Amino acid sequence: MAEQKQVKKTGTDKGAGEEESKNKKPSKQEKKLSKERKKLMDEIDDIIDEQGEDFVENYVQRGGE
Amino acid sequence: MKDRIMGGEIEWIGSFRNNASCQWQEAGTPFDKIRGFLQKKYTYRYCNLTDLFLPNGCRFYHEPTGNHVESTTPECGNAREVLIYEKWQEHFMCQLSEELNCELGEFVFQKKNSDDNLASSRGSHESYLSDKMFNDLLYTAQLNLTATPSTMDPRLNYLILFLITRQIFTGSGGTIIYISDASRNAYEISPRSHFIEQIFSSASTGSRPIINIREEPLADPDKYRRNHFILGDANMADLSIFLKFGTTSAVLEMIEEGICDETLNLLNPSEAVVLFKDISRDLTLKNVPIRLVDGKYYSVIEIQKRFCQNFKRYIDYSGQGGEKLEIAQRWREILKCLQRDDEKVYRQLDYKIKFRLLNDYMRTKGLPLSDKRVRNVDLNYHNPDPEKSFYYLLKNHPHSKFESLVSESEILESGGLPPENRAKLRAYLRSLLEELNISYSMYWGYILFKPVSLLSTTYGEKRLDLPEPHLSSFDSLNFESNYDAIHYLNSLKPGAIIIKLHHSPLIPQEAAHGRAETG
């Protein structure tokens, strides 16, 4: 994921799932859907704005050891 | 136990604001109003407790420790039933927030493990009625809290290994934020793993365990133990919920039936908690080697495959089909798909669906994982409202290939009625008490009520024990111990409770034996 990629990896596990999905070539269907997918992302934005983006600040899952 | 009763609890994130210009606050606080609203809706006039058993046997209440609203399924006879009632609860919470929104302000509920600024977490707990053999097994564990290979029973080792590895299909996925070290921020398989600190403990808050050793069967303690697991995530995806309950019950059944693959044991069980967390961080499912008693290392998928193979062999041998066969098949199939990172997993398992969703969102919007909008996506994935839920936005999309394991009509119709077991009996008894204007307190395993004429709070209180979760008939009520309560209710309404005397009251042992066999 974007943020993990900025970080120098110390283990093989971090962000590796993302590497895998990135290396895959998008199928025809994925390309076709990408426009719709973008539209979906905008729909998501509308819902977040309606709720207020600070909503989530009450529910941050912090990492433990 | 081949006919296990099981069920799930959901601790809801609840948020409330008076109107759009006000700040959001925890929704636990206005619970009195929620309860009053529900009591009116269901015309419960005589229920003393804040807990409410809804007409279909689901229970809804306020959990004071974490100040959140919590709901449970009724006693369910299989994993599919759990899925139906869990989905019914999602509908219920949506409807509740809609109805409350008109009356009180704006409510939002989300089904997600998370911690908040008060550092309280919410769980998605599972209960499995089990053979009382677990009493001895867990009693021994309690004595040997330091888990070494020589002191841990292989059956418990087997169960622990299963529980820490099942997350590859039960994980909800989630963003984990480290305030002090942002470089560690990550997306993980099982956010709940951050709250698990011990192998065995009786705590459900504080130092939470992989295996809870609290003994509270909520049923006949001479026959049953309840295995209560608090290490699971809150799921939205049908398959994650179905397999979570189905496979866990399967492994418990094998242990009860004396089948335990002792090669499926951790070489060093004291590493279980660390492994549980490491597996959660490894999205490749390949990079956390798990060392078993043979000294060799295995991947999490290899281990789960062996559990699945054991179960298939067991049901073939014991001649069981039906849902158990479906569980074995779906389990096998999803492990295969996970191994090759097949497209199917991105529409069947929560942590895979959400992983792709967050990645797409981050890429489209150019935002990092820690951005609050990205965390909003994570949180609202778990909203039960189809209009606002990012899980349902994907699932209900015209091009979606998400598979539903239960239909909407099953959820609303079957889910609206209590299952054919103790839940149905409880529903009958509640309507009887309401009809007779008797105030009562209702629990899973018993009901307390007070004769109408007595004013004192406890004097003369009568108790009806409901020790048998499998049965809906009056025959499951022990006639001798419940005589006083039954006699009183029948004096107010003749024939309200009829017990056939050729059952347990005359020859208790034989009758009990017969029940266990026909179950």
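Start with the largest nonpolar core of this predicted model. The core holds 137 residues. To find the residues with the most contacts inside it, select B:Leu159, B:Ile160, B:Ile164, B:Ile210 and B:Ala272. Both domain 1 (6-413) and domain 2 (422-518) of chain B contribute residues, so the core lies between them. In soluble globular proteins, nonpolar side chains tend to be buried together.

Leaving out residues up to four places away in sequence, B:Ile160 touches B:Ile199, B:Ile210, B:Ile211, B:Leu266, B:Pro269 and B:Ala272. Two of these, B:Ile210 and B:Ala272, are also listed among the residues with the most contacts inside the core.

Now colour chain B by domain, using 6-413 for domain 1 and 422-518 for domain 2, as the domain assignment gives them. The centres of the two domains, taken over C-alpha atoms, are 33 Å apart. Where they meet, 15 residues of domain 1 of chain B are in contact with 18 residues of domain 2 of chain B. The domain 1 side of this contact consists of ten nonpolar, two polar and three charged residues.

Then move to helix H2 of chain B, residues 79-103, and select B:Tyr85 within it. Is B:Tyr85 buried or exposed? It counts as buried, because it has 29 C-beta neighbours inside 10 Å. Beyond residues up to four places away in sequence, B:Tyr85 touches B:Cys58, B:Thr73, B:Pro74, B:Cys76 and B:Gly415.

How values were computed
Residues numbered from 1 in each chain as written. Chains lettered and ligands numbered in written order. Predicted model: local features only at pLDDT ≥ 70, side-chain atom pairs only at ≥ 80, totals over all residues. Domains from an automatic or database assignment. Contact = placed C-beta atoms within 7 Å. Nonpolar A, V, L, I, M, F, W, Y, C, P; charged D, E, K, R; others polar. Core = buried A, V, L, I, M, F, W, Y, C linked by C-beta atoms within 7 Å. Buried ≥ 20, exposed ≤ 12 C-beta atoms within 10 Å, placed from the backbone. Helix = DSSP H or I, 4+ residues; strand = E, 2+ residues; numbered from the N terminus.
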